[in-house]
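Time to see what's in it.

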Amino acid sequence: MIQSQKSETPSMKRHMGMKASSRISNTVSYVVLVLISVIWLIPFVCILLQSFRCESTHQVGYIIPQKWGLDNYRNLFNTNFPRWYTNTLITALFVAVFQTIIVLCMSYTLSRFRFKMRKPLMQFMLILGMFPGMLSMIILYQVLKDLGMTQSNAVPGLILVYIASSGMGYYVSKGFFDTISKSLDEAARIDGATRFQVLLKIILPLSKPIVIYTILTAFMGPWGDFVFARYISFNVSAGMNAAVGLYGWLSQDQISKNYTMFCAGGVLVAVPVTILFMCLQRYYVEGVTGGAVKG
Amino acid sequence: MKKLLSVLLTLAMVLTMTAGAFAASLEGTYQITIWVAEEVKDLTAKQIEDFNATNEYGITIVANIEAVSEADAATSMITDVEAGADIFCFAQDQFARLVQAGALSSLGKQAAEIVRTSNDAGVVAAATSGDTLYAYPLTSDNGYFLYYDKSVIPDEDVDSLEAIIADCEKAQKYFAFEMGTSAWYNASFFFATGCVSEWKTDDDGTFISVHDTFNSPAGLIAVKGMKKLVDSPFHLSSSDGASFASNAAAVVTGIWAYTTIEGILGDNMGVTDLPSFEVDGVSYHLGSYNGCKLMGVKPQTDPIKGAAIHRLAQYLTGEKCQMERFEARAWGPSNLAAQASPAVQANPGLVALYTQNAYSVPQGQIHGSWWDIAKVISDDVKNATDDAGLQQALDNYYDKISSLFNLDTSALLFVGAWNGWNNADESDTYYFKDGSLTLDVPASDYMGGRIVNPGSWDTDKGFAQVTVGADLIKDLGADNPDNNIVFIEAGNYTVTIDGDAISIVKN
């Protein structure tokens, strides 16, 4: 690359000019980027278009519908889909609230307090976090079954499982809290604030990005979960989340009847997440990178 | 006298008690869970109401009906039998797994007798392990046949595989016939030339022996036919009815795709039995599997509840309910009376299926690994460049099948050589497990074979070890260095190995 630039004669360079050469490199990068985004977006566009297809319900060899309409969305409401959607929403909201509280308290504690066994505890959790969660699935299923939290009662069971392990996800926010100067805490303590007030009134307002990042990740986990949710609901429609319920429509005997409705369901599942991300994108990026910077 | 009286009284008391208990036993309300396919969920709810209203035992069933596809039900049941449904429907290939997992309760004598006499033989075999019936036949339509686009393939060509391929190539359209991804479909070619792969299970659902003739001269003819198909640039390995929407002109698939294909092709849709292929001037009609769906009842801790649920399952798989399912969803009945009804006989898809059934093989119990072993044959066939390559594909298959039982050190092979060692049927191979096997010996000049160790192929036991039934076999003296067992007469024999002794009994 460098060599080829060297071999260009000075007259040629003058000929092209800075503007022209930057235009060429811009065009090339735009073409590449457009190509990448087309490849990346095609599945989403396909699902979106298929969800508006009304002339047939099975898989077809074309993308653009011949007859447009909202039939698939309307039909969704005659199935168990609203129930699945509600289940998912309830689970995700509960987890988002409780997991955020637990994670933030945990991070605050580990960042600000110095107590016996603090380091070993952190190391222990690091090691524990390395085991794949799937390993515990069968045991968890048995425990939940004995507690009566499977099948149609899968929602409380799922909430319990997601929340129970949330204390271990403190790394990012602890890293961020570490960057906030301790002298702020000390000043507040001298003014008579309790530890909890310090967290609530000093730390949290300063860590908006990380709080939003924590809420978002806590929400996204259960929102997209499939494997565990499928196991816990164990074929009982009333206990399924949207992903598990929709998957049932892809079985051989149902796919030709429910394929377009499946796409419509998929779009509806994607809507809240998309909106959330669009509104909170700024904080999300800050949150992801924020914990990594030590100031 | 007093003693006799007391005995009589006691007897009378016991009799009235059991009679009373029996009459009242099934009456009551039972909470159960049922898993059925989504499309018959509402119909099943209605049928249960009918059962509640009409049954003579006073049973009231309160059912929680969940839509679970027949493909998933078995896996879920095995994961957690306790949490599984009381009644569930499954495709027959899951049967052996379910019996092994203890997820099926066997039918009572009376119910078994009714099922045996009122359903076609194939489905009864599919629901039987050893001598015990473990499930109720629900449908008998799990087979495949040919759907074609009449505007591309003229009616006179549909009987010939070569003509269909030529028509598709001419029109630049695909012929969809699933090969490399499904043994269920590619076995079609082997059945055409009379090859078999028969597996036996015992009462616990464990596989004990196999009789497989895919690796034989007949099998070689089959793969030659298969090569014609897979070599075509317009062959598509798919059984998806929607392929018609993406440039296919012929699809081999089952009755479940009927409405989809009818929706795509409309009046151009043609259905018929599978075509024939020609090798060395001889025509072979493609065979198929004919399988079924079954309804199983989970073993219950409460025997009375179990009996009540069995009554319901029996009702749900009876003629009336099967006809209702046919009318609502075109599910092909397994019940003989329902199959003969004019309505069923007027359905073009089912007629094609029943026509194909003449060339089909009932899908009995098949070892779960077989599907993966057999499906790769077609890829090997496609890669083969000559007859030696085709034979290699069969050899690979045979080695893998053998190794399924070779792993068990107690397994022994009975290699039959009916009518001489160079005979076409030389590959008739039977596998012993647990030391016993039943074999058919056809009449021929040389009705002998030897028992070998699968790994080393050394003769392990034979003529010299026969202690019982020595009168049934020939003593060839010095002419028998391989220790062969040579039968005097054709017939069906049970050969048992017990320690070092072999007993032969004619059945």
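These are my notes, entry by entry, on what I looked up.

**Entry 1: getting my bearings.** First reminder to myself: this is a predicted model. I began with chain B and its 507 residues, 46% of which count as buried. I then looked up its secondary structure and got 18 helices and 26 strands. Taking contacts in chain B with a separation of 6 or more, 71% are between residues 24 or more positions apart.

**Entry 2: where the chains meet.** How many residues of chain B are in contact with chain A? I got 21, and they meet 18 residues of chain A. On the chain B side, the elements giving two or more residues are β2 (59-67), α3 (70-79) and α10 (258-265). The largest share comes from α3(B), with 3 residues. Sorted by class, this side of chain B has 9 nonpolar, 7 polar and 5 charged residues.

**Entry 3: the cores.** Next I went looking for nonpolar cores. The largest has 72 residues, and the members touching the most others are Leu146(B), Phe175(B), Ala176(B) and Ala250(B). Helix α8 of chain B (residues 183-192) gives this core its largest share, 8 residues. Setting aside its neighbours within four places in sequence, I found Leu146(B) in contact with Val158(B), Ala250(B), Val252(B), Val271(B), Thr272(B), Asp273(B), Leu274(B) and Pro275(B). There is also a second, separate core of 52 residues, and Trp84(A), Ile210(A), Tyr213(A) and Ala242(A) are among its members. A background note for myself: in soluble globular proteins, nonpolar side chains tend to be buried together.

**Entry 4: an enclosed helix.** Why do I call α15(B) largely enclosed by the rest of the structure? Because 7 of the 10 residues in this helix (residues 348-357) are buried. I wrote down which ones: Gly349(B), Leu350(B), Ala352(B), Leu353(B), Tyr354(B), Gln356(B) and Asn357(B).

**Entry 5: two helices crossing in chain A.** Last, I looked at α4 (residues 81-112) and α8 (residues 171-179) of chain A, whose axes come within 8 Å and cross at roughly 50°. That is why I've noted α4(A) and α8(A) as oblique to each other. The crossing is right-handed. From α4(A), the contact uses Val103(A), Leu104(A), Ser107(A), Tyr108(A), Leu110(A) and Ser111(A), while α8(A) brings Ser173(A), Lys174(A), Phe177(A) and Asp178(A). By class, that contact has 5 nonpolar, 3 polar and 2 charged residues.

Note on methods. Residues numbered from 1 in each chain as written. Chains lettered and ligands numbered in written order. Predicted model: local features only at pLDDT ≥ 70, side-chain atom pairs only at ≥ 80, totals over all residues. Contact = placed C-beta atoms within 7 Å. Helix = DSSP H or I, 4+ residues; strand = E, 2+ residues; numbered from the N terminus. Nonpolar A, V, L, I, M, F, W, Y, C, P; charged D, E, K, R; others polar. Axes fitted to C-alpha atoms, helices over the stretch in contact; angles between N-to-C directions. Parallel < 35°, antiparallel > 145°, perpendicular 65-115°, else oblique. Left-handed = near helix turned anticlockwise from the far one by under 90°. Buried ≥ 20, exposed ≤ 12 C-beta atoms within 10 Å, placed from the backbone. Core = buried A, V, L, I, M, F, W, Y, C linked by C-beta atoms within 7 Å.
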